[in-house]
Amino acid sequence: MLRVENLAKRYRTGDAALKGVSLEIAKGEIIGLIGPSGAGKSTLIRCINRLVDPTSGRVFLGDVDLTKLEGGGLRRARRRIGMIFQEFALVERLTVMENVLSGRLGYTGFWASWFRHFPQADIDRAFRVLERVGLLDHVDKRADALSGGQRQRVGIARALVQEPDLLLVDEPTASLDPKTSRQVMRLLTELCRERELAAVVNIHDVVLAQMFLPRIVGLHAGEIVYDGPAAGLTPEVLTRIYGEEDWTKTGPAEDEADAEHQGPSERDLEVAAV
Amino acid sequence: MRSIKARASATSKWRRCDAAQVQVRIRVRSESWPVNARTDTSPPPAAAARTWRPPRLIEDSRLRWAITIGVIIYLVLAFVTVEVNWARISEGFGRAMRLFAGFLQPDFVTRWPDIATGMVESLTMTVTATVAGILLSIPVALGAARNIAPLWLYGICRSIIAASRAFQEIIVAILFVAMFGFGPFAGFLTLSFGTIGFLAKLLADDIEEIDASQVEAIRATGAGFWQLIDFAVASQVMPRLIGLSLYRVDINFRESAVVGIVGAGGIGATLNTALDRYEFDSAAAILIMIIVIVMACEYGSSIIRRRIQ
């Protein structure tokens, strides 16, 4: 379904964000991409739909090599890839319906979209996904009038209305409270199962990733350092992905004890070494 | 359910290695801390004497004073060299009184045909020049926004804006009058040109500050370039564009009165004639009408701006 081969990205500043990443995702498979800030998670998913141009390597969606595409070909390929964003990235001043219909722009001519005259089939699609994500009551509200959870569901609806083969999800829960985060993750995984959608989910929250995503890929400094089941995320693996830290802190009973010796242990060790 | 169980088992696994880690950390930390840091709770004696002043822009106090005194001396000399001709001021004072007297008795009637023609000309000039200016400045603004346009186009469009902003309306008007002769056409061109410099610059700056993630999201759907501009850019800058355009309407009306003085038609020409003939009552009538129209524009645009937010 999606095959990433030896993908590398070096930014003009000289930072190597990705150093030869290879990855394969089957139809209907959903993977969690974890790693520290700056590990290249965002760059990786943006290289797939070419919001960022990779320096070398190849990305295949089915048989199509996405890295070779330009202009119209690239736009047609992007129609098959839905993307969901961290801060929702809705067009704030447009209505919910306009935001959802913007997912059909790749299939619509300029003047039709300018006059917001979308084909009836697209409008039907939009209503169906809005019903699925539970936003039928908010169709004509402006996006900036919604709550965080509702906005993210508009974001999901916009991606779904494309009827994509692949979903790229960039930190879907980073701006949401814990309850809404779980609801959004549940909705996402359910939708992928219903539609046999492949998905790459960038996620900061390891616990949430383990709850909802069966396969986890760990990225560290632009390289894949773990690719396996969520259950395999031992403290050793987490250390390999994120670096040295006390990985036991997620335990429920230790919260109070933690408050006293919080902060990176490396610093203490450094001081001791001096 | 299954995933929760998996997490629980993982947590317990971590807990086992936790004890050793915590021990190591506590030991290391107690070694690195000075012993008295824990026992001696009184503040160090140096704390009482610590003072703080904001850092100075110029560290050297002699240089600082030299610059201050130098500036004062220059200002005094500069003001002294301004020639004030008191005789002419007292002469002009009489004229000023007549002007104010004219204000108290504005004469709309005597020169009404001239005033009406001038007003209509000015308003026509304002509306047409604003519309033409907006239509021209939108593409220039898109080209002058670095986050949309390639570098070469950016250079061209920023140059157009710079050229338009470099010259005051009067100078442009003199130029256009010389090129196309007296009359409102020169005024129309002047105001359109001025509108491009104003609107294209402010709009371009606004486009450069739009939320890039919205653009990214629309691009990710496979939208074409103009759809991208429509959905992701225009929707973000539209309130600003409308606000600036309305603001430009009253700037253009005021400017239309000014450019008339150099022969570019409109109410300015009528005003100039009235002043030349010392018909202060007619001049006052014209000024009052300009004030009323500017205020009406201001009020109208504030209502519209409030409604589009």
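Chain B has an average pLDDT of 82, and 84% of its residues score at least 70; pLDDT is the predictor's confidence in each residue, on a scale from 0 to 100. In residues 1-38 of chain B the pLDDT falls below 50, and this stretch makes 33 contacts in the model beyond near neighbours in sequence. Two residues are in contact if their C-beta atoms, placed from the backbone, lie within 7 Å. For the complex, the predictor gives an ipTM of 0.84 and a pTM of 0.74.

The model is predicted: local features require a pLDDT of at least 70, side-chain atom pairs count only at pLDDT 80 or more, and totals for chains, interfaces and linings use all residues. Residues are numbered from 1 along each chain as its sequence is written, while chains are lettered from A and ligands numbered from 1 in the order in which they are written.

Chain B is assigned two domains, domain 1 (57-104) and domain 2 (109-308), with bounds that come from an automatic or database domain assignment. The C-alpha centres of domain 1 and domain 2 of chain B are 34 Å apart. Contact between them involves 4 residues of domain 1 of chain B and 4 residues of domain 2 of chain B. On the domain 1 side of chain B, the touching residues comprise 2 nonpolar, 1 polar and 1 charged. In this classification Ala, Val, Leu, Ile, Met, Phe, Trp, Tyr, Cys and Pro count as nonpolar, Asp, Glu, Lys and Arg as charged, and the others, Gly among them, as polar.

Helices (H or I, at least four residues) and strands (E, at least two) are DSSP runs, numbered from the N terminus. In chain B, helix α11 (residues 225-259) packs against helix α13 (residues 280-308) at an angle of about 175 degrees, with the axes 9 Å apart. Axes are lines fitted to C-alpha atoms, for helices over the stretch in contact, and angles run from 0 to 180 degrees between N-to-C directions. The helices α11(B) and α13(B) are therefore roughly antiparallel, the term for angles over 145 degrees. Among the residues making the contact are B:L246 and B:F253 of α11(B), and B:I293 and B:C297 of α13(B). By class, the contact of α11(B) with α13(B) has 13 nonpolar, 2 polar and 4 charged residues.

Chain A contains an open sheet of 4 strands in the order β2-β1-β4-β5, with antiparallel pairing; two strands pair if DSSP finds at least two bridges between them. Strands β2 (16-25) and β5 (64-65) of chain A stand at the edges with a single partner strand each, so one side of each has no neighbour in the sheet. Strand β1 (residues 2-10) of chain A is joined to β2(A) by 7 bridges, and A:V4 has A:L23 in β2(A) as its bridge partner. Helix α1 (residues 41-48) of chain A packs on this sheet, touching β1, β2 and β4 (56-61), and its direction makes about 60 degrees with that of β2(A).

A further open sheet of chain A has 6 strands in the order β6-β7-β8-β3-β9-β10, and its pairing is mixed. Its edge strands are β6 (81-84) and β10 of chain A, each pairing on one side only. Neighbouring strands of this sheet are turned by 20 degrees against each other on average, direction ignored. Strands β7 (residues 166-170) and β8 (residues 198-202) of chain A pair in the parallel sense over 5 bridges, and A:V169 stands opposite A:V201 in β8(A). By contrast, β9 (residues 215-220) and β10 (residues 223-229) of chain A run antiparallel, joined by 6 bridges. Here A:G218 stands opposite A:Y226 in β10(A). The hairpin of β9(A) and β10(A) has 2 residues between the strands, and A:A221 takes a positive phi near 50 degrees in this hairpin.

Note on methods:
Parallel < 35°, antiparallel > 145°, perpendicular 65-115°, else oblique.
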